[in-house]
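Thanks for coming. I have one structure to go through this morning, and I will keep it short.

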Amino acid sequence: MLLIVLSAITFSQSASPEPVVRDLGPFRVSFDLNTSIPYTVVVDEPVRSILKGRSYITYGLGVKGEESSIWIFVTDYGKILEVPLDNDWKLVNDFLTEQGCSRINITETVIDGTVGALGGGILPSDRVIFCASYAPEGVFVQGKHLVTTNCRLYSTFPADETVSLLDSIHVERKV
């Protein structure tokens with residue numbers, strides 16, 4: 001069943017006239033949930049971190065419904081990094097595993113015009129959760145994946161709204 005839902009997300013197209021647009025630090029994030037479910041959008045304070053001697057900043061945005069939520073995180077590395085070709089797949093797998101998910105399925109897909117990874121799993125509460133990861137400014141050069149940012153999202157919204165978000169999300173660096 002989860003594989004069918006992931007397939008539907010990967011191949012669906014949806015549109016709506018009123019996307020959500022928010023600024024997250026140096027980035028502008030837009031998306032459309034195409035839903036009648038009431039929700040609120042909150043922007044978190046940026047979080048500065050250091051990992052393996054590298055400093056980076058993560059910007060977060062939450063979409064909160066009555067029973068579901070979506071979190072979008074955009075991480076700015078501040079410079080070009082070479083990451084493994086399976087980096088997005090690994091980030092999705094690690095998140096779903098850390099959440100204690102069963103029946104994890106991950107697939108490669110195009111998000112915001114860029115190849116990324118989309119996965120889903122069943123939480124211990126029996127709810128479905130989706131996770132996606134991609135590099136909005138990433139490029140593949142001579143077998144290397146070079147990135148300056150990463151966008152990750154987690155959704156417990158129903159599949160239709162998650163599909164709409166993935167079909168419409170756009171992250172761009174403001175000039």
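Predicted model: local features only at pLDDT ≥ 70, side-chain atom pairs only at ≥ 80, totals over all residues.

Residues are numbered from 1 along each chain as its sequence is written, and side-chain values use heavy atoms, with hydrogens and water left out.

How many salt bridges does the structure hold? There are five, a salt bridge being a side-chain nitrogen of Lys or Arg within 4 Å of a carboxyl oxygen of Asp or Glu. One of them joins Asp23 to Lys174, with the closest N and O atoms 3.6 Å apart. Asp23 lies in strand S1 and Lys174 in the segment after strand S12, so the pair ties together parts that are 151 residues apart in sequence. Helices (H or I, at least four residues) and strands (E, at least two) are DSSP runs, numbered from the N terminus. Asp23 and Lys174 also belong to a salt-bridge network with Arg28.

Another bridge joins Glu137 and Arg173, at 3.0 Å between the closest N and O atoms. Glu137 sits in the loop between S9 and S10 and Arg173 in S12, 36 residues apart. Within helix H2, Lys90 and Asp94 meet at 2.8 Å, N to O; they are four residues apart, about one helical turn.

Now the largest pocket, which holds about 600 Å³ of space. Here a pocket is an open set of points on a 1 Å grid over the protein atoms alone, where a 1.4 Å probe fits, with protein on both sides within 12 Å along at least five of seven lines; lining residues have an atom within 4 Å of a point. Of the 20 lining residues, those closest to the centre are Leu51, Tyr56, Tyr77, Asn87 and Leu91. H2 gives the largest share of the lining, six residues.

Leu85 is in the loop between S6 and H2.

Last, the backbone. Most residues other than glycine have a negative phi. Arg103, in strand S7, has a positive phi near 50°. Gln142, in the loop between S10 and S11, has a positive phi near 45°.

Note on methods
Points joined across faces, edges and corners; volume = space filled by probe spheres on them.
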